[in-house]
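Good morning, and thank you for joining.

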Amino acid sequence: MIAATVAGAPVPTAEVDAREAALRDSAQAAALPRPHTSEGRQLRRWLTQVLVTERVVAREAEALGVVVTAATPDTDTVLPDLTSRLEIGSIAAGALADPLARALYAHVTSAVDVDDDAVADYHRRNPRRFPSDSEADALPKIAAMLRGAARRRAFRHWLDQRRAALVWLAPGYEHPGDPRQPDNVHRH
């Protein structure tokens, strides 16, 4: 049985089983949902997303000739804080733990930048964000922050497009947030 395909190549359910077993054998096991429950099925859907994303990254890196080099950014450069991890999403953030994914990120986002007007506008709207810095000191920090956010957004959109083009998910392995799958219910 297959959980998904990436560019026609199967992702066997055995790989999802193995990834789930590894999690259930880890120190985080107590925090995981019980198997065969709605939440347990959602975990398997999330693990499937992780697996297909890893394959999309590997396939696209090969297709684009991207390799890990000394210039490959480290994880803290790409994802400097919790906010950056939240804005890019757990699947992409997890993928970016891999140096190849970060090399691909650098390649895909290399042309993404912010203009001086956006930086100045941010500074005007958020004067207390860098209260102890002069404007000359604050502007490069703001530019770096906005550039990082723009690059994460660009990579997330690019990755979403590549997954949409390359990935087929078997019934029961849909994205956890897909409103068409039966375990996606809104609860408080």
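Throughout this talk, contact means heavy atoms within 4.5 Å. This is a predicted model, in which local features need pLDDT of at least 70, side-chain atom pairs count only at pLDDT 80 or more, and totals for chains, interfaces and linings use all residues. Residues are numbered from 1 along each chain as its sequence is written, and side-chain values use heavy atoms, with hydrogens and water left out.

With residues up to four places away in sequence not counted, Phe155 touches Ile88, Leu96, Ala101, Leu104, Tyr105, Val108 and Thr109. A nonpolar core is a set of buried Ala, Val, Leu, Ile, Met, Phe, Trp, Tyr and Cys residues joined through side-chain atoms within 4.5 Å; buried means under 20% relative accessible area, exposed over 50%, and partly exposed in between, with a 1.4 Å probe and protein chains only. The largest such core has 31 residues, and Phe155 is among those with the most contacts inside it, as are Val6, Ile88, Leu96 and Leu159.

Helices (H or I, at least four residues) and strands (E, at least two) are DSSP runs, numbered from the N terminus. Strand S1 (2–6), H2, helix H5 (90–95), helix H6 (99–109) and helix H8 (135–166) each supply at least two residues of this core. H2 gives the largest share, seven residues.

Helix H2 (residues 38–64) also holds Gln42. Is Gln42 buried or exposed? Gln42 is buried, at a relative accessible area of 17%. Leaving aside neighbours within four places in sequence, Gln42 is in contact with Pro176, Gln181, Asp183 and Asn184.
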